[in-house]
Amino acid sequence: MPSTILIVDDEETQLITVARLLARYGFETELARNGDQALSRLMDTEKPAIDLVLLDIYMPKMDGKEALSRIRAIYPSLPVIILTASNKIEDAVELMKLGASDFITKPTNGERLRLSINQHLTIRTLSRELARIRRKEDGQGQFTDLISAGGGLATCVALGKRAANSDIPVLITGESGVGKELLARAIHGEGHRDGRAFVAINCGAIPDNLIESILFGHEKGSFTGAIAREIGKFREAEGGTLFLDEIGKLKSEMQMKLLRVLQQKEVQPVGAGKSVKVNVRIISATNRNLVDDVASGRFREDLYYRLNVLPIHIPALKNRHDDIPDLVSYILAKFCATENKFPKRVNEQAMQWLTAQSWPGNVRQLENLLYRTVVLTDHEELTEQDFIKMRQSEQKREAAQNNHYVTLLGGDGKPKKWDDIEMEVIAATMERLNDNIPETARLLGIGQSTLYKKLADKI
């Protein structure tokens, strides 16, 4: 989405001239004829937020210096560029001390103004993304982290805000990659447990023989390999929130034990003689249809109703294309901030191409494509062709990973040994899963220790 710039000047000709200039550079503009009007517009919460202010010094009623002081008191991070006919050094020094982001004299040099605006918008964007990253590292989140321009997430946010004000269990559903954990973090971060631990666990990525220990903890020596006492994820989240992702992949036995914990509000570590009380808020998530799983007997009905007190469904990205431009801007800013790269932008044709795609992998797929394009391109402006090339290489790689053929006959026409066929299957599965040993073992229906032994025998 284009940035919106508020131009504040008492001269009508200057307002129109600068507005036309900025329109050529792709910015949205709004106009104010004095400091009072500028502050009224900035404080109007029913209109879109202003991203940057161009402010004149000498104006009737409230002049630029007073307006700058008031803006800084209310919006300390909002970029304010002084655009004035004054070329007095003392004015520049005073205004910079008051918090001006830059000082540009009239008549305005269009390129100088464009560079200053882009620089300060970039700094503000990077600062916001670093703040988001810090919140995520601290286990916090906000509903503003859910990027949505077209209202596709409005229902999710409304329900999430209601959930944040209580401790009722929440079940978040949606396809893989839509942002279920992000919503869970926002519910936690804006609720009364904010500041306490947010502990996330993927129930589908943990071996069946370890899930009880990881969730509830264990005593030292309670089983082979238990060389130290572990308190478990429930107690790690004490006073905070435990996020159980892919809850639908829990086996029946663990479903029963989890139900007991939710009912009794206490856990019994493996090998312990007594239970321990816990105070934890539960948010769970799944990409499965748990109603179908309940009907087929794969998921306990009583646990389903215990978890599904407040259901929230996040729609797939293909159903909210209006959100894609804002998501692209957010993802690029986040990546450039974390990787210390010069910010890149997407041109209009490229944005139209991105918006037109179906994105079966949702936000995660969009994020992956953007990251690889940023890393593998040297120019500042990303084009449609850049993304098409990246998508084509991605499709070739996916096709190669999804077309593994295991042949029964060797080059001499004779049947291969069983061990060789088995290793081909293992190697193909591991390549497809990016060497994820637990998931490979699960898909092949063998134990992890068995898989490790087979691999070791071939080394």
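**Close-up views of the predicted model**

**View A. Helix H3 lies across strands S3 and S4, running at about 175° to S4.** In this predicted model, local features need pLDDT of at least 70 and side-chain atom pairs count only at pLDDT 80 or more, while totals for chains, interfaces and linings use all residues. Residues are numbered from 1 along each chain as its sequence is written, and side-chain values use heavy atoms, with hydrogens and water left out. Helices (H or I, at least four residues) and strands (E, at least two) are DSSP runs, numbered from the N terminus. Helix H4 lies across S4 and S5, at about 150° to S5. Such angles run from 0 to 180 degrees between N-to-C directions, along axes fitted to C-alpha atoms, for helices over the stretch in contact.

**View B. Five strands form an open sheet with parallel pairing.** The strand order is S2-S1-S3-S4-S5. At the edges stand S2 (28-32) and S5 (102-105), each of which pairs on one side only. From one strand to the next, the twist averages 20°. Strands S1 (residues 4-8) and S3 (residues 52-55) run parallel and are joined by 4 bridges; two strands pair if DSSP finds at least two bridges between them. Ile 5 is placed opposite Leu 52 of S3.

**View C. Helices H3 (residues 64-74) and H4 (residues 89-98) pack at an angle of about 20°.** Their axes are 9 Å apart. H3 and H4 are therefore roughly parallel to each other (angles under 35 degrees count as roughly parallel). The residues that meet are Lys 65, Leu 68, Ser 69 and Arg 72 from H3, and Asp 91, Glu 94, Leu 95 and Leu 98 from H4; contact means heavy atoms within 4.5 Å. By residue class, this contact of H3 with H4 comprises 3 nonpolar, 1 polar and 4 charged residues.

**View D. Lys 88 occupies the loop between strand S4 (80-84) and helix H4.** Is this residue buried, partly exposed or exposed? Lys 88 is partly exposed, because its relative accessible area is 44% (buried means under 20%, exposed over 50%, partly exposed in between, with a 1.4 Å probe and protein chains only). Leaving aside residues up to four places away in sequence, Lys 88 touches Tyr 58 and Phe 103. Thr 105 is 17 residues from Lys 88 along the chain, and the C-alpha atoms of the two are separated by 9.6 Å.

**View E. A cis peptide bond links Lys 106 to Pro 107.** The omega angle of this bond is near -5°. Pro 107 belongs to the loop between S5 and helix H5 (110-137).

**View F. Trp 359 and Asn 362 are residues other than glycine with a positive phi.** Most residues other than glycine have a negative phi, and most peptide bonds are trans. For Trp 359, phi is near 50°. Trp 359 sits in the loop between helix H14 (348-356) and helix H15 (362-376), and counts as buried because its relative accessibility is 3%. For Asn 362, which is found in H15, phi is near 60°. Asn 362 counts as buried at 0% relative accessibility.

**View G. Four residues of helix H18 (residues 437-444) are buried: Ile 437, Glu 439, Thr 440 and Ala 441.** Just after H18 comes Gly 445, with a positive phi of about 75°.

How values were computed. Angles under 35 degrees count as roughly parallel, over 145 as roughly antiparallel, 65 to 115 as roughly perpendicular and the rest as oblique. Ala, Val, Leu, Ile, Met, Phe, Trp, Tyr, Cys and Pro count as nonpolar, Asp, Glu, Lys and Arg as charged, and the others, Gly among them, as polar.
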